[in-house]
Amino acid sequence: MALTEEYLYRVTLYFKISEILNLKSNVLKIMLSVILTNILFSFVHYPIRHYNFSKLFEIFITGIYFSYLFLRTGNIYLACMMHFYFDFPILTTINIGYYHYEEIILLIISIMLIESYYMIKHYYFRLFSKYEQS
């Protein structure tokens with residue numbers, strides 16, 4: 001879910017909103033695109049979990065952080081990993097009515113940790129290879 005949401009909001013909607021905004025200041029265009037994208041990100045979470053206003057504001061701020069990660073690094077996977085770690089407590093409270101649900105959750109967590117390791121390894125390899133070429 002984190003990958004889908006991050007790609008939708010941080011890439012697709014962000015760039016579409018940025019394209020629609022006709023502003024001379026590039027900084028203002030980026031800030032407004034991030035704010036509008038994360039307002040949508042916050043309100044889309046409301047029907048799912050019936051949060052109050054303070055929880056929606058927390059999701060909005062978290063979305064700003066995810067946007068910062070993506071825009072600063074150009075790496076959507078870093079934002080996805082952070083999104084997953086923010087959603088991690090939700091995974092531990094799932095009751096799927098299956099006797100061995102703990103094993104399923106541990107399997108999901110272990111896969112995500114392994115994938116996180118490879119994403120970080122790939123990201124840092126690209127980052128350090130840029131500096132070695134200089």
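The axes of helix 1 and helix 3 come within 11 Å and cross at roughly 70°. Helices here are DSSP runs of H or I with at least four residues, numbered from the N terminus. The axes are lines fitted to C-alpha atoms over the stretch in contact, and angles run from 0 to 180 degrees between N-to-C directions. Helix 1 is therefore roughly perpendicular to helix 3, a label used for angles of 65 to 115 degrees.

Before going on, the ground rules. This is a predicted model, in which local features need pLDDT of at least 70 and side-chain atom pairs count only at pLDDT 80 or more, while totals for chains, interfaces and linings use all residues. Residues are numbered from 1 along each chain as its sequence is written, and side-chain values use heavy atoms, with hydrogens and water left out.

Which residues make the contact between helix 1 and helix 3? From helix 1 they are Glu6, Arg10, Val11, Tyr14 and Phe15; from helix 3, Gly63, Phe66, Ser67, Phe70 and Leu71. Contact means heavy atoms within 4.5 Å. By class, six residues in the contact of helix 1 with helix 3 are nonpolar, two polar and two charged. Ala, Val, Leu, Ile, Met, Phe, Trp, Tyr, Cys and Pro count as nonpolar, Asp, Glu, Lys and Arg as charged, and the others, Gly among them, as polar.

Now the rings. The structure holds five aromatic pairs; rings of Phe, Tyr and Trp (its six-membered ring) pair if their centres lie within 6.5 Å, and planes over 60 degrees apart count as edge-to-face. Tyr14 and Phe15 form an edge-to-face pair, 5.0 Å centre to centre with 75° between the planes. Phe15 also pairs with Phe70: the centres are 6.3 Å apart and the planes at 80°, so this pair is edge-to-face too. That pair links distant parts of the chain, since Phe15 is in helix 1 (residues 2-20) and Phe70 in helix 3 (residues 53-73), 55 residues apart.

Phe15, at 42%, is partly exposed. Buried means under 20% relative accessible area, exposed over 50%, and partly exposed in between, with a 1.4 Å probe and protein chains only.

Definitions and conventions
Rings of Phe, Tyr and Trp (its six-membered ring) pair if their centres lie within 6.5 Å; planes under 30 degrees apart count as stacked, over 60 as edge-to-face and the rest as tilted. Helices (H or I, at least four residues) and strands (E, at least two) are DSSP runs, numbered from the N terminus. Angles under 35 degrees count as roughly parallel, over 145 as roughly antiparallel, 65 to 115 as roughly perpendicular and the rest as oblique.
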